[in-house]
Amino acid sequence: MIKVLGICGSPRKGATEWSVRKALDIIGSYPGIETTFWSVRGKKIGPCIHCDRCIREKTMCVIEDDVREVESLILETDAILIGSPVYDMNVSGQLAMVLNRMRPHYLVHPGGLRNKIGAALSVGGTRHGGQEMTNLAIINFFLMHEMLVTGGLGGCYNGGKIWSKDDRVSGAEKDTVGADTVVRLAQGMAEAVLVAEHGRARARELMAESGKVDAGSSPLRDH
Ligand SMILES: Cc1cc2nc3c(=O)[nH]c(=O)nc-3n(C[C@H](O)[C@H](O)[C@H](O)COP(=O)(O)O)c2cc1C
């Protein structure tokens, strides 16, 4: 089965969780795809303290908390959908901490996330409250980790965008325009996941035949 992981960056069971689950339901209805949901809600999550132990010792983050759960889910999955509530036109603090803590991935598992599919959605209390900016922050995380990004089918621009009117699930449910972007994001993501998954093996063959470096084993760039 192809695995798609949905990460929710809201500390509440609110509009963001509703939106991520809605997208996962659609993605999981495509052939051969199974989905997993993970949320920051109720989790013990500490910030990166820039101790640099990950760099010095080439280890995943040494902080022992619930980020460990998502660390391994990210490695095992073929694609990641991240949804965040918009906080000050950006991702939530909880999600930012999780993303910061993924820094060691490129050291410990070079190429581990390369060419996995990423997609973003965000939920603001205001119609134009920074959803596009928030999606961009998430997309930048995917790009940093060498992932391939889809914004969904035409009309979604850079991902799903919901206007909750600060009314949790019932607010999100009323935003039919926003819900359409979530549906089209999910459809575009499922399609991209299938294309990537079925093209990956052939891409490896072609690279091997032409003597190109295998994507999973290229050396780390020295920063
Ligand atoms: C600290 C904080 C900052 C916020 N900043 C914004 C913002 O910049 N733009 C916006 O549209 N909504 C903002 N909101 C509102 C939330 O994005 C909105 O209520 C969202 O639906 C919450 O998602 P949830 O229901 O999944 O928790 C903010 C909320 C909080 C708590």
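These are my notes on what I looked up in a predicted model of one protein.

**Entry 1: ground rules**

I number residues from 1 along each chain as its sequence is written. Because the model is predicted, local features need pLDDT of at least 70 and side-chain atom pairs count only at pLDDT 80 or more, while totals for chains, interfaces and linings use all residues.

**Entry 2: overall layout**

I counted elements and found eight helices and six strands. Helices (H or I, at least four residues) and strands (E, at least two) are DSSP runs, numbered from the N terminus. Along the sequence the pattern reads β-α-β-α-α-β-α-α-β-α-β-β-α-α.

I then checked the size. The radius of gyration is 17 Å, which agrees with the value near 17 Å for a compact globule of 223 residues. That radius is taken over C-alpha atoms, and the globule rule is 2.2 Å times the number of residues to the power 0.38. Along the principal axes, the C-alpha atoms fill a box of roughly 55 × 40 × 25 Å.

Of the 223 residues, 41% count as buried. Buried requires 20 or more other C-beta atoms within 10 Å of the residue's own, exposed means 12 or fewer, and partly exposed lies in between, with C-beta atoms placed from the backbone. Of the contacts with a separation of 6 or more, 76% join residues 24 or more positions apart. A contact needs two C-beta atoms, placed from the backbone, within 7 Å.

**Entry 3: strand pairing**

I followed the pairing from S1 (2-8). Two strands pair if DSSP finds at least two bridges between them. S1 and S2 are parallel, with seven bridges, and Lys-3 has Glu-34 in S2 as its bridge partner. Between these strands the chain passes through H1 (residues 15-27), and the β-α-β crossover is right-handed. Right-handed here means that, with the strands pointing away from the viewer, the path from the first strand over the helix to the second runs clockwise.

S1 also pairs with S3 in the parallel sense, over five bridges, and Gly-6 stands opposite Leu-81. S3 in turn runs parallel to S4, joined by seven bridges. Ser-84 is opposite Ser-122 in S4.

Which residues of S3 are buried on each of its faces? One side has Ala-79, Leu-81, Gly-83 and Pro-85, and the other has Ile-80, Ile-82 and Ser-84. In a regular strand the side chains alternate between the two faces of the sheet. Seven of the seven residues of S3 are buried.

In H3 (residues 67-76), I found Val-67, Val-70 and Ile-74 buried. They fall within an arc of 65° seen down the axis, so they line one face of the helix. The arc is that of the directions from the helix axis to the C-beta atoms. Glu-69, Ser-72 and Glu-76, on the other side, are exposed. The cover over the buried residues of H3 includes S1, S2, S3 and H4.

For H4 (93-100), the buried residues are Gln-94, Leu-95, Val-98 and Leu-99. Their arc is only 135° around the axis, which puts them on the same side of H4. Their cover includes H3, S3 and H6 (131-144).

**Entry 4: ligand shell**

I listed the residues around the ligand and got 20, the closest being Gly-14, Thr-16, Gly-124, Gly-125 and Gly-129. The cut-off for near is a C-beta atom, placed from the backbone, within 6 Å. H1 and S4 (117-124) each supply at least two residues of this shell. H1 gives the most, with three.

**Entry 5: loop residues**

Arg-12 sits in the loop between S1 and H1. I class Arg-12 as partly exposed because 16 other C-beta atoms lie within 10 Å. Its C-alpha atom is 9.7 Å from that of Pro-85, 73 residues away along the chain.

Pro-31 is in the loop between H1 and S2 and is exposed, with 8 other C-beta atoms within 10 Å.

Where do I find residues other than glycine with positive phi? Asp-52 has a phi of about 65° and lies in the loop between S2 and H2 (53-57). Lys-165 has a phi near 55° and lies in the loop between S6 (160-163) and H7 (168-174). Most residues other than glycine have a negative phi. Asp-52 counts as exposed, with 10 C-beta neighbours inside 10 Å, and Lys-165 is partly exposed, with 16 other C-beta atoms within 10 Å.
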